[in-house]
Structures are given as structure tokens and as C-alpha cells.
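Dear colleague,

I am handing over the structure below, and I would be glad if you could look through it alongside the notes that follow.

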Amino acid sequence: MDEDDTPPDDYFTKLTPLEVYWRDKYEWLLNLGYQLRPRYRPGWIPSWKLNPRLFVLSCEDSVTQHGKLCDALRISDGSQVMMKTVNTAAYPYEVPLMEYLNQEPQKSDPRNHAMPLIDVLYPPDEPSRRIIVMPVCRMWDTPNFDTVGEVVDCIRQLIEGVQFLHANRIAHRDLAYGNFMMDSSLFTIPFHPFMSFKRLDYKGSARAKYTRTQHRPRYYIIDYGLSSRYDENEMPPSEVMGAYGSDRTVPEHASPDEPHNPFPIDIYCLGNLIRREILRRQPEKVGFGWIVPLIKDMMRRDPSRRPTIDDVALRYEKCISLLKPAVLRSRWSRTWWKAIPHLARKLRFIIAQTPPIPT
């Protein structure tokens, strides 16, 4: 961005109403062991005001929080955390479901891909609000995948996570691109939570030290605001859905006043997520045609003809068991200048007998 294109100074200097909420919680959170960024410190003076030679966009304290989220430092161990405010009157099940998925024996189950829950805070004088504290993660598709095998593992973990939810009679009801995250294990230098291409200290670009093949990341399913957990005697559920998720192509949405089973809706949304965000991004020559029949079955208009998540998992594992190592090690990105570095890594992995699907 050129300086002439920079928004007015007030755009960065004046806190939004959402930011004011966090600023007013600064001391309270500090007493609980969480320190917000300098921007939300009471009496904050922008660094570019203290040093006029600084360009506003080069200053870390010009970065705002987004929506219900705000990042912080956990003082006890210096780790980055992400905080989210939850309106328990509007979303009564989100916090209880997060707590359920983060207690034993669910927490230790390797199929559990729910976002880890570090803490639940109770803001004073706000009986209908909670603040949940989670580790800082990043979008599941950044940095770019290096190999087909890395994409195969990403899809496997997503299916596994939905399978675990359904095994616990939890329908997510909003499986979409923005509700799938990846941990920060590819990075040794922390990235900024709200400007993930920059380092946390804003002293350069954030670069992954590892590929997913070198260091297998863990993927998480987030946002349980629309989710529901059912008793055994309520299975299979049939209910008027009320609020719908982000995927507006779900066939059941065409009849909102009729009762539906939310579990086949999850299957449709999962299939559409894979189709739209993975398959459509790459040309056919990458070699993902093997998954197309499964995706088509997952997205059938008739929900009774969609496979269950257990069927999806079985068919997926059968498909990938037939893939040859040469296909799994092949380059995902078609960018020409990445070909030589990829080839060098590929040869090292073959020599070291590194599995082509991250493990």
C-alpha cells in the first residue's frame, strides 16, 4: 500500500466499540494472568505518534482485533492465546460443548480435533457472557501445501474430527472454510494472530520453518455456536433447524420450516468444503480424481442417500491405500519456481524414508 492510499490516521488511532470492550477489560484480564497487546492498554499512545518518523502500517499497535476475538499473552508461560467472547443467551451450547470435548476421556482421544480450551473466564457484571481462551492457530491452508500427501492428511484429519463429533452425537451444523484451523507447529518464530504473514514482533515476515511432511500439524474444528449434542434416545434427531450455517447450498435449506436431521447436513457441508476449497483450487493433473465419487455421494440432494461419516472414513482410507508414493510425494503447487526446492525436499524424504503422508 502506498502512503497516499493509507486510510486517515483516525482509522488506526481511534478504537472501535469492539476494541473499547477489550481495553476496558485490560486490568481485569491482567489480574487473571493474561496481558493484551499495547494497543489495548489504558492510556495507549500510538507508537507512530511518539515517533513521527514511523510509518503507521509498520507499527504493530496499528493492528486491530477482529469481531469477537482478541489475542493476549499468557503471563505464566509467555504463550500466545486467543480469546473469544460468547453470548451465552444467543449461543447457550458453545461453552458447554467446548468443555465437554476438552474433558476426559474425550480430550485424550486421538480422533478429537476440537480446539483445545485453556480457560473459561466470567466477565464481571455480564452474566450472559463468557470469554473462552484458546491457543493461537492459523487458517488450515496457510502456508501452502507442499505435496499431495499433505493434502491427503489434512482431509483425513478433517474427516476424523467430524467422525469423533458424530460418535459423541454432536452435530456441528456449520462446517465451513473459516471453521477449520491448524496449529502453529510449522513456525518457530511466532506469527501475528491478526496479520499472520507478519512476525508477532512486527520485525519481518512470518515464515514457516517446516513443511507439513517434516512436522505434521494438527488441524482443529472450531466454532460450536450452532452445534448440538443429542441424547441417545433422541437419535436420529429430526428438528426444524432454526439458524443455518455458512454453506447456503445445503438442499435442506430450501425447506426451512420442515424438520431435518443435522448429521447428513454435516456430511454435505464436509463434502462441499473439500470440493470447493481443495479440489477446485487445483487442476486435474494433480491427481485427485479418486475422491470425486465420494464427494458426489456426500453431496447428494437426498440426505437419506448420503453416507454416514463412518462410511466416509472407510471409503476415504480405502482410496488413499491405493495411492502410490510417487503420487503422494508429487508437488501440490503448480508454481514453477517452487519445483526445484520441492524436488530437493522430495529426494531427501525418499532417502530418509520419510512417509509421504505426514504421520
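How many of the seven residues of strand β5 (residues 129–135) are buried? The model is a predicted one, and in it five of the seven residues of β5 are buried, so that the strand is mostly covered.

On one side, β5 pairs with strand β3 (residues 79–87) in the antiparallel sense over seven bridges, and Asn87 is found opposite Arg129 of β5. Strand β4 (residues 119–121) also pairs with β5 in the antiparallel sense, here over three bridges, with Leu121 standing opposite Ile131.

These strands belong to an open sheet of five strands, whose order is β1-β2-β3-β5-β4 and whose pairing is antiparallel. Its edge strands are β1 (34–36) and β4, each of which pairs on one side only. Averaged over the sheet, neighbouring strands are turned by 35 degrees against each other, with direction ignored. Helix α5 (residues 94–101) packs on the sheet, where it touches β3, β4 and β5, and its direction makes about 35 degrees with that of β5. At the β1 end of the order, β1 and strand β2 (residues 69–74) run antiparallel and are joined by three bridges; Tyr34 has Arg74 in β2 as its bridge partner.

A helix pair may also interest you. The axes of helix α6 (residues 148–167) and helix α7 (residues 262–277) come within 12 Å and cross at roughly 170 degrees, which means that α6 is roughly antiparallel to α7. In their contact, Ile155, Leu158, Ile159, Val162 and His166 of α6 meet Phe263, Asp266, Ile267, Leu270, Leu273 and Ile274 of α7. Sorted by class, the residues of this contact are nine nonpolar, one polar and one charged.

As for the chain as a whole, it has eleven helices and twelve strands. Its radius of gyration is 22 Å, close to the 21 Å that the globule rule gives for 359 residues, and the chain is therefore as compact as a globular protein of that length. Taken along the principal axes, the box filled by the C-alpha atoms is roughly 60 × 55 × 40 Å. Buried residues make up 48% of the 359 residues, and, among contacts in the chain with a separation of 6 or more, 70% are between residues 24 or more positions apart.

With best wishes

Methods. Residues numbered from 1 in each chain as written. Predicted model: local features only at pLDDT ≥ 70, side-chain atom pairs only at ≥ 80, totals over all residues. Heavy atoms only, no water. Buried < 20%, exposed > 50% of the residue type's maximum accessible area, 1.4 Å probe, protein only. Helix = DSSP H or I, 4+ residues; strand = E, 2+ residues; numbered from the N terminus. Pairing = 2+ DSSP bridges. Axes fitted to C-alpha atoms, helices over the stretch in contact; angles between N-to-C directions. Parallel < 35°, antiparallel > 145°, perpendicular 65-115°, else oblique. Contact = heavy atoms within 4.5 Å. Nonpolar A, V, L, I, M, F, W, Y, C, P; charged D, E, K, R; others polar. Rg over C-alpha atoms; globule rule 2.2 N^0.38 Å.
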